[in-house]
Amino acid sequence: MNQRIVIILILLLICKIGKAQENIVIRTDRDSYVGGEELWFHINNHLIDSNVTSDLSKVVYVELLNGNNIPVAQNKLKLNDGSITSFITIPDTISTGHYIFRAYTRWMRNINKPDFSSKTLTVVNPFSKNAYPKQVAQSVSISDTTNSNNAKSIRPTKKPSLSIKTDGQKYGNREEVNVSLAQESIDLEDITVSVVKKGLVKPERSISTYHNGTNLIVNGPYEGKLLPEYKGELIEGQILNRDSGLPIKDEKLVISFVSQDPIFQFSTSDSLGHFRFVVNRYGKQEMVIQPYDKDTTKLNYKINLDPGFSQYYSKMSLPELSFTDDEVKLLNKAIVNMQINTIYSAHRPDGQLKDSIDLVAPFYGEAEIITTIDQFIELPTMEEVIKEIVPYTVLRKRKGEYSIKVFESKPLYPRDGETLTFVDGVPVNNVESILQMLPSELDRIEVVNVNYYMQNEELGRLVCFYTNKGNTGSLDFDTRIFRQARECYRPGYTFVSSDYSSLERKKSRLADYRNVLYFGSLEMSEDNKASFSFYTCDDKGEYEIIVEGIDENGCIQRSRTSFEVK
C-alpha cells in the first residue's frame, strides 16, 4: 500500500479513537469463593458512560491480584461483539483473603491515570495455613469489607428495572426451576444471570467496580503510546545488538508459532529497533521471532518483548478480612460442597463447554502436494525421504552445504527458484538440521511448488515438514533465535448446568453439591422478556437469582430474588 495512503489512514484512525474512551464492565457469578473453584465472569467493552459496544479493542486482559498486587492468575481473551464469558480456576495454593479481579484493554492503558475496572472478591482456602482470620468478627460482615473507592458501576434503584418470577418458591432436589424476566422501566443491555447459594453474593450496596484514580504503583514505563488492538493481539518488542546494546534498525523480522496451522508475518524494525506483529492464537503455544535474512552469521542480536499486561497497580490497600459466626458456617458449607463436587465432577458431563473456535488454515492455504509419511515403507534417513517420496523436490549439495529445491510440474517457472523450508510452521534456514531429524518423527511433508508472495515479498517455493507430535521433534535450532512458550487467548466458555430431565439422571447416585446452579447471558425479546430454566442440586437451603444489565449511563442495574430447596 502507498505510504502516503497508510499515513492518511493512521491519521483518520487517531481522529476516530482520540475521543473513544472504553469502559470494561465486569460481572462474576458471585463474590466469595473457595480455593480451587472456578471463577466465572462475563465481560463487556463499552464506550465510557454508555451501554454502546466499543468496536475499537478486540482483546481484553483479566487478572486476579492479591493484596500485594501480585497476579495469581492472568488471561487474555478475544472479545466477540464486545463481550465474552469465560472462567479461571482459582489456585488452591493461595492464601485466604481479599483479591482484586480487574480487566482492561490495551487502549485503556494509554491514560496516565488508568481507569481499569475491578471487583473485590473473597477467597477462602481451607488448604492454606490461614484458612480463616485469627479473629472472627461478630459485627463485621463480608459485605462491609469491600473498598469504598469511586464506585458508580452498580446503581441501586428504588424500583428494580427487571422483574424476576419463578414458577414456585420451594423446590425439591434435582427439580426444574423455570424463571421469567420482564424489563419494565428502562432498556438494559447485556443481561446476565447468576443462581448461587445465598450468602455468596454480597449486598447490592457493596458490590462495585472501582476506578484506580491517582493512587498508583508504577512498576514499569509510562504506557502512553499504545495502539488499540483493533484486529487482534499486538506483540511488540525491540531488536538490539547483543555486543553494543544499540537498536538494530531496518531489520526485517518474521513471527511464527510451532503448530499445524502456521502463520507467517513480517515486521521491519524502526530507527529504535521496535517491531510490531498482530496475531490471533489460542492456548499455550511456542512463539518464534527471528530475522528473515537467511544469512545471519554476522548479526549478533537479542530480542526483548514488551510486557503484555499492565505494570500499573493501585496503592489502595485491601481491607482486613473478618467473618461473623454465621458467615463461617456458610463458608464451611461451601468448602464441603466444593470438595464433594470435585470428587464427582469427573463423572458428570456438565460444568463447562468451550466455545467454538474458527479453524485456521496454514498461511499458504492448501498445499499442492501432500506426502503422508506412513503411507510409504520406512526409510532410514531424511535424505532418502526427500529423494525417494517427495514429488518435485530435490536435495542439492554445494560447497558442503545442503539446500532443498522445488520445481513446477510444467515449465511455468524457472527450475532454480528459491525455496523456503519450515518445520512445524517455523522457518528453518539450516537444511542440515532438518536432515538430522528421524523420519519416524514425521507425519507429513507439504509442498507449494509455485512461487508464493506475501506483503510484496517473494518467498519462493515452500517445503513444510510436520512432525507427529507437532513440537519440532529433535530439530536443533539456532540458539540465537527467540523462542518463548506464550499464553495466547483463553477461549470463551459456556456454563453448563446439570440436566435432570431424564429419570435415569435424576436417580443417579452421583452427588451434586454445586455452589453455583446457573451462570450466563440472556437475550431479551422484542417485548423485553426472557426466560430460562435450570435444575436444583442435592444441597438444601436458600438460593438467590441475581439478574444484572447495563443502563444507558454504563451502570449496572440489578434485581434479585430467592427460593428454597427443601
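The model is a predicted one. Its secondary structure comes to five helices and 34 strands. Of the 566 residues, 52% count as buried. As for the contacts, take those between residues at least 6 apart in sequence: 76% of them join residues at least 24 apart.

Turning to the charged side chains, the structure holds 24 salt bridges. One of them pairs Glu63 with Arg102, at 2.9 Å from N to O. This pair ties together distant parts of the chain, with Glu63 sitting in strand 4 (residues 59-65) and Arg102 in strand 7 (residues 97-104), 39 residues apart. Both Glu63 and Arg102 are buried.

Another salt bridge joins Arg106 to Glu236, and here the closest N and O atoms are 2.3 Å apart. Again the link is between distant parts of the chain: Arg106 belongs to the loop between strand 7 and strand 8 (117-124), while Glu236 is in strand 14 (residues 233-241), 130 residues apart. Arg106 and Glu236 are both buried too.

Then there is Lys198, whose side chain meets that of Glu542 in a salt bridge of 3.6 Å, N to O. Lys198 lies in the loop between strand 12 (189-197) and strand 13 (216-218), and Glu542 in strand 33 (residues 541-550), so the pair links distant parts of the chain, 344 residues apart. What about cover for these two? Lys198 has a relative accessibility of 35% and therefore counts as partly exposed. Glu542 comes out as partly exposed as well, because its relative accessible area is 38%. Salt bridges can also share partners, and in this way Asp29, Arg30 and Glu37 are joined into one network.

Finally, the surface carries a negative patch, formed by Asp167, Glu175, Glu176 and Asp499. Among these, Glu175 is found in the loop between strand 10 (170-171) and strand 11 (176-183). With a relative accessible area of 32%, Glu175 is partly exposed. That value matters for the patch, because membership calls for over 30% relative accessible area and no salt bridge.

How values were computed:
Residues numbered from 1 in each chain as written. Predicted model: local features only at pLDDT ≥ 70, side-chain atom pairs only at ≥ 80, totals over all residues. Heavy atoms only, no water. Patch = residues over 30% accessible without salt bridge, like charges linked within 9 Å, V, L, I, M, F, W, Y side chains within 5 Å. Areas by Shrake-Rupley, 256 points an atom, 1.4 Å probe, with all protein chains shown as cover. Salt bridge = Lys/Arg side-chain N within 4 Å of Asp/Glu carboxyl O. Lys, Arg positive; Asp, Glu negative; His and termini not counted. Charge placed at Lys NZ, Arg CZ, Asp CG, Glu CD. Helix = DSSP H or I, 4+ residues; strand = E, 2+ residues; numbered from the N terminus. Buried < 20%, exposed > 50% of the residue type's maximum accessible area, 1.4 Å probe, protein only. Contact = heavy atoms within 4.5 Å.
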